[in-house]
Amino acid sequence: MKPKNGEQVYKLIHSQEMVQYMWKYSVHMQSTQIPLAIAFDEELDFNVLAKAVNIEIARNDCMRLRIFRDGFKVKQFFLNEYKLDKILIKQFSSKDERTAFFDGVASTKLDVFGGETFRIIFFRTEDNKCGVFICASHMVMDFAGAFMFFKDLMAVYDSLKNGADLPRALGKYEDIII
């Protein structure tokens with residue numbers, strides 16, 4: 001995926017350069033993706049949650065960050081808009097099934113240069129907990145960013161569910177990389 005006319009292109013920041021080296025030199029590329037899940041005892045309305053995810057993508061620019069090759073250099077840009085049309089909802093019947101499924105998703109390489117910088121899956125556990133799983137490229141998000149994603153996502157979800165104003169948006173990742 002390459003930037004279109006008018007999209008600002010940025011060099012990688014130092015932490016992203018380290019991830020790029022991990023891509024090249026890590027045998028199994030274990031540390032280049034961040035898989036995390038959060039589960040709740042309460043029922044989640046997955047339709048409302050899907051709306052919250054798309055609002056989060058619009059508000060959280062790292063969710064719109066894309067990586068591309070420019071000759072021998074790796075660079076990045078932000079999509080102006082991006083939306084998930086469909087989010088997989090997975091029902092699990094056992095902890096072993098859940099663990100195997102998420103291990104498989106987490107170990108399947110994201111196609112970062114093809115525009116896939118994260119995967120989001122909604123799920124219901126064998127004991128009726130509802131949750132959200134994200135597997136994000138370390139190029140666009142670290143663990144702290146993933147926790148911020150979950151915190152803001154659930155705040156947006158609560159606002160939509162309760163008909164309240166949206167919480168204040170997070171700071172822009174773009175401001176950090178320039």
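**T125 and the sheet around it**

T125 is buried, with a relative accessible area of 3%; buried means under 20% relative accessible area with a 1.4 Å probe, protein chains only. T125 lies in the loop between β6 (118-124) and β7 (130-137). Apart from neighbours within four places in sequence, T125 is in contact (heavy atoms within 4.5 Å) with Q91, F92 and R98.

This is a predicted model, in which local features need pLDDT of at least 70 and side-chain atom pairs count only at pLDDT 80 or more, while totals for chains, interfaces and linings use all residues. Residues are numbered from 1 along each chain as its sequence is written, and side-chain values use heavy atoms, with hydrogens and water left out.

Strands are DSSP runs of E of at least two residues, and helices are runs of H or I of at least four, numbered from the N terminus. Two strands pair if DSSP finds at least two bridges between them. An open sheet of 4 strands has the order β2-β7-β6-β5, with mixed pairing. β2 (33-40) and β5 (88-91) stand at the edges with a single partner strand each, so one side of each lacks a neighbour in the sheet. β5 and β6 pair in the parallel sense over 4 bridges, and K90 has F123 in β6 as its bridge partner.

F123 also belongs to one aromatic cluster with F92, F101, F102 and F133. Rings of Phe, Tyr and Trp (its six-membered ring) pair if their centres lie within 6.5 Å; planes under 30 degrees apart count as stacked, over 60 as edge-to-face and the rest as tilted. The count comes to 11 aromatic pairs. In one of them, the ring centres of F102 and F123 are 5.2 Å apart and the planes stand at 70°, so the pair is edge-to-face.

Methods:
Buried means under 20% relative accessible area, exposed over 50%, partly exposed in between (1.4 Å probe, protein chains only).
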